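Me: Please take a close look at one part of this protein. I want to know what it packs against and which way its residues face.

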Amino acid sequence: MDTNIFLASGPTPTVKGGGGGFIEDPRAVENIVFQTRALPLDPFESDLADALMAAFGEGAETLEALAGSLNRHGSMDRDGRAWDEGSLADQLKQSGDALFAAVPTGTVHG
C-alpha cells in the first residue's frame, strides 16, 4: 500500500471518539509527515528504499558497506553520482528529518 487509505481528503472531518475509519481527530493531534503522507514515495525514494533493503539483506551494517552495496547494484544519489559514506549519511539524515517532521495540528494532507 502506498498511502493511508484511512486518511481524510478535503476538509478536516468531524470525528468524536474515533470511529468512522479514523483513529483520532486530526485537528487535535500532532501528526508525523510520513504517517500522514498522502502520496506514495517518489521514484528515487522508492528505488533507494528497495536498494537499502537489499543491502541490509546482504548483511551491510555500516555506511561504508551500505554505500558499497548500493553502488554494486547501480543505485546512484539524486545527482546521478555513486554513493559514498558522506552522501549516504546526508540522504539518510534528510529522509529521517522528513520522516519525523511534525505537521501543525489541524493540517490535513490530501
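Reply: On one side of helix H3, Glu 64 and Arg 72 are exposed. Exposed means over 50% relative accessible area, buried under 20%, and partly exposed in between (1.4 Å probe, protein chains only). Helices (H or I, at least four residues) and strands (E, at least two) are DSSP runs, numbered from the N terminus. This is a predicted model, in which local features need pLDDT of at least 70 and side-chain atom pairs count only at pLDDT 80 or more, while totals for chains, interfaces and linings use all residues. Residues are numbered from 1 along each chain as its sequence is written, and side-chain values use heavy atoms, with hydrogens and water left out.

Now the other face. H3 spans residues 63–72, and Leu 66, Ala 67, Ser 69 and Leu 70 are buried there. They lie on the same side of H3 because they cover an arc of only 160° around the axis. That arc is taken over the directions from the helix axis to the C-beta atoms.

What does H3 meet? Helix H2 covers residues 43–57, and its axis comes within 9 Å of the H3 axis. The two axes cross at roughly 115°. Axes here are lines fitted to C-alpha atoms, for helices over the stretch in contact, and angles run from 0 to 180 degrees between N-to-C directions. The crossing of H2 and H3 is right-handed.

From H2 come Leu 48, Ala 51, Leu 52, Ala 55 and Phe 56; from H3 come Leu 66, Ser 69 and Leu 70. Seven residues of this contact are nonpolar, one is polar and none is charged. Ala, Val, Leu, Ile, Met, Phe, Trp, Tyr, Cys and Pro count as nonpolar, Asp, Glu, Lys and Arg as charged, and the others, Gly among them, as polar.

Ser 69 is buried, at a relative accessible area of 0%. Not counting residues up to four places away in sequence, Ser 69 touches Ala 55 and Glu 58. Contact means heavy atoms within 4.5 Å.

Then the links at either end. Gly 59 sits in the loop between H2 and H3. Gly 59 counts as partly exposed because its relative accessibility is 47%. Gly 59 and Ser 69 are 10 residues apart along the chain, with 9.7 Å between their C-alpha atoms. Gly 74 follows H3, and its phi is positive, near 85°.

Phe 44 belongs to H2 and counts as buried at 17% relative accessibility. Leaving out residues up to four places away in sequence, Phe 44 touches Met 76, Asp 77, Arg 78, Trp 83 and Gln 91. Phe 44 and Ser 75 are 31 residues apart in sequence, but 9.5 Å apart in space, C-alpha to C-alpha.

Finally, the whole protein. There are four helices and two strands. Along the sequence they follow the pattern β-α-α-α-α-β. Buried residues make up 22% of the 110 residues. Of contacts with a separation of 6 or more, 55% join residues 24 or more positions apart.

How values were computed:
A crossing is left-handed if the near helix is turned anticlockwise from the far one by less than a right angle, and right-handed if clockwise.
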